[in-house]
Amino acid sequence: MSNDEITLTAGEAEVTVTPAGGGRVSGLRVDGVQLLRQGERYGCFPMVPWCGRTREGRFLNGGVEHRLPLNAPPHAIHGTARDGAWSVARVTADEAVITYDLTDPWPYTGRVTQVVALAPGSLTLTMSVETYDSSFPAQIGWHPWFNRTLNGTDAGLAFDAAWQEERGDDHLPTGHRVDPKSGPWDDCFGMPEGVDVTLTWPGLLELKVTSPEKWVVVYDEQEAAVCVEPQTGPPNGLNTLPRLVTPLEPLEATTTWSWRRL
């Protein structure tokens, strides 16, 4: 099986998965319309083993400090798996399973598995991190770049968050929760009942991004795209809200995009 590109189809939808390009969903067409921004940095990439920025590239596992490359100085951003080549485990007409083995510069061994499952009217992404060796903190998330404009129509964005993580000058949460503010945003929001964000291109399409997870980063400061990023914790979560991966307990998360024509 090729690691270069996988095409899945179901109903009116077609999904392209690019294992060699960081395990990303590189395209989603609905009725022939491309919903994801195109380009090797875009599509929808997995954020693992951390999401967003990790302060100064440092995190602790117990009493041991680790340092990560500062790929968004002065911080480390969006994990390492988006920069690596993933392997193909299984492909059917409407589902792909791909894997990535954690390696340098991440200091622990482990395996990431991502399942991309397409159905008529929805796409579900499931990701897990497991280890057979040392335990370590981790995060899982997705970073889709949805095209702001489809067929000349700009997207509207709607969601109801319980709180907004106050953002400091360094783009990281300060630790304080505030009432949600109006956009534009590059901010993390809390949704204790699960992520639920709606993108609407009037007269064309409505797309809902949902997840059982409680955090979502919304980024709409770029003219070309809108990003809705469900994740298992806030930015800098390796330090502030670590989720431990152990040989007995992997970390798993899922998100679903569902759409309907208008």
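**Backbone geometry, a buried glutamine and the nonpolar cores**

His 171 is located in the loop that runs between strands β19 (163-167) and β20 (173-178), where helices (H or I, at least four residues) and strands (E, at least two) are DSSP runs numbered from the N terminus. The structure is a predicted model, in which local features need pLDDT of at least 70 and side-chain atom pairs count only at pLDDT 80 or more, whereas totals for chains, interfaces and linings use all residues. Residues are numbered from 1 along each chain as its sequence is written, and side-chain values use heavy atoms, with hydrogens and water left out.

The phi angle of His 171 is near 70 degrees, a positive value in a residue other than glycine. His 171 counts as partly exposed because its relative accessibility is 30%; buried means under 20% relative accessible area, exposed over 50%, and partly exposed in between (1.4 Å probe, protein chains only). A positive phi, near 50 degrees, is also found at Asn 151, again a residue other than glycine, and Asn 151 lies in the loop between β16 (149-150) and β17 (153-154). With a relative accessibility of 61%, Asn 151 counts as exposed.

One joins Val 48 and Pro 49, with omega at about 10 degrees, and Pro 49 belongs to the loop between β5 (44-47) and β6 (53-54). Another leads from Asp 104 to Pro 105, with omega near 10 degrees, and Pro 105 sits in the loop between β11 (95-101) and β12 (111-119).

Gln 231 is part of strand β25 (residues 225-231) and counts as buried because its relative accessibility is 1%. A polar atom of the Gln 231 side chain lies 2.9 Å from the backbone oxygen of Gly 233. When residues up to four places away in sequence are not counted, the residues that Gln 231 touches include Met 47, Cys 51, Glu 213 and Trp 215, contact meaning heavy atoms within 4.5 Å.

A nonpolar core is a set of buried Ala, Val, Leu, Ile, Met, Phe, Trp, Tyr and Cys residues joined through side-chain atoms within 4.5 Å. The largest such core has 62 residues, and those touching the most other members are Val 15, Trp 106, Leu 123, Leu 207, Trp 257 and Trp 259. Leaving aside residues up to four places away in sequence, Trp 106 touches several residues, among them Pro 49, Trp 50, Phe 136 and Leu 238. A second, separate core of 8 residues includes Tyr 42, Phe 45, Tyr 219 and Cys 227.

Definitions and conventions. Polar contact = N/O pair within 3.5 Å; in protein donor to acceptor, adjacent residues only side chain to side chain.
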